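Thanks, everyone. Please have a look at the model on the screen, and I will walk you through it.

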Amino acid sequence: MGRHFERGRALFALKRYREAIAEYQQELAIDPTCVASQTNIAASLLNLKEFDEAETALRNAVSINPAYPHTYYIAARLREHRRCPRSRFSGPSNSASFMPL
C-alpha cells in the first residue's frame, strides 16, 4: 500500500471522508488489487451515510479479494445500520465512526 492509502487513512481519521475517498481512489488507480483501499472507500461512504454507494464499494472489494475479513466487518455494520437506523452506530451524539484498516 502506498502513499495515497496512507493519506486516505490520515484523512479518514480527521473525518474528512470525501478527501479520504479521493486518496483511496488514487491508490486503486495505481494498484487495482488493493482491497484495503476499496474497503476503506466503503467505510468512508458508510460514515457519510451513502449506503447504496457503500454497498457497491463493498461488492467491488469482495470481487478483488473475497477472503479479506475487514470487508465483511464493514458489511455487517452496513446491515446493522439498515436494520436499525437509530442504533448506536448512527446516534447524533455518538462521535464514533466506522474505522478503516
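Let me start with a definition. Rings of Phe, Tyr and Trp (the six-membered ring for Trp) pair if their centres lie within 6.5 Å; planes under 30 degrees apart count as stacked, over 60 as edge-to-face, and the rest as tilted. By that rule, the structure holds 2 aromatic pairs.

Before the details, the ground rules. This is a predicted model, where local features need pLDDT of at least 70, side-chain atom pairs count only at pLDDT 80 or more, and totals for chains, interfaces and linings use all residues. Residues are numbered from 1 along each chain as its sequence is written, and side-chain values use heavy atoms, leaving out hydrogens and water.

Back to the rings. F5 and Y24 form a tilted pair, 5.8 Å centre to centre with 50° between the planes. This pair links distant parts of the chain: F5 sits in helix 1 and Y24 in helix 2, 19 residues apart. Helices here are DSSP runs (H or I, at least four residues), numbered from the N terminus. F5 is buried, at a relative accessible area of 2%. Y24 is buried too, at 0%. Buried means under 20% relative accessible area, exposed over 50%, and partly exposed in between, with a 1.4 Å probe and protein chains only.

Now F12 and Y17. Their ring centres are 5.0 Å apart and their planes are at 70°, so this pair is edge-to-face. F12 is buried at 1%, and Y17 at 9%.

Next, the core. A nonpolar core is a set of buried Ala, Val, Leu, Ile, Met, Phe, Trp, Tyr and Cys residues joined through side-chain atoms within 4.5 Å. The largest one has 25 residues, and F12, Y24, I41, L45, L58 and I74 touch the most other members. Two or more residues come from each of helix 1 (3-13), helix 2, helix 3, helix 4 and helix 5. Which helix gives the most to this core? Helix 3, with 7 residues.

Let's turn to helix 4, residues 51-64. Its 14 residues should span 20 Å at 1.5 Å a residue, and its end C-alpha atoms are 20 Å apart, which agrees. The expected span is 1.5 Å times one less than the number of residues. Buried here are F51, A54, A57, L58 and A61.

T39 counts as buried, at 0% relative accessibility. Leaving aside neighbours within four places in sequence, T39 is in contact (heavy atoms within 4.5 Å) with A61, Y68, H70, T71 and I74.

Y68 lies in the loop between helix 4 and helix 5. Y68 is buried as well, at 13%. Its C-alpha atom is 8.2 Å from that of A36, 32 residues away along the chain.

Last, confidence. pLDDT is the predictor's confidence in each residue, from 0 to 100. The chain averages 87, and 83% of the residues score at least 70. Over residues 87-96 the pLDDT is below 50, and this stretch has 9 contacts in the model beyond near neighbours in sequence.
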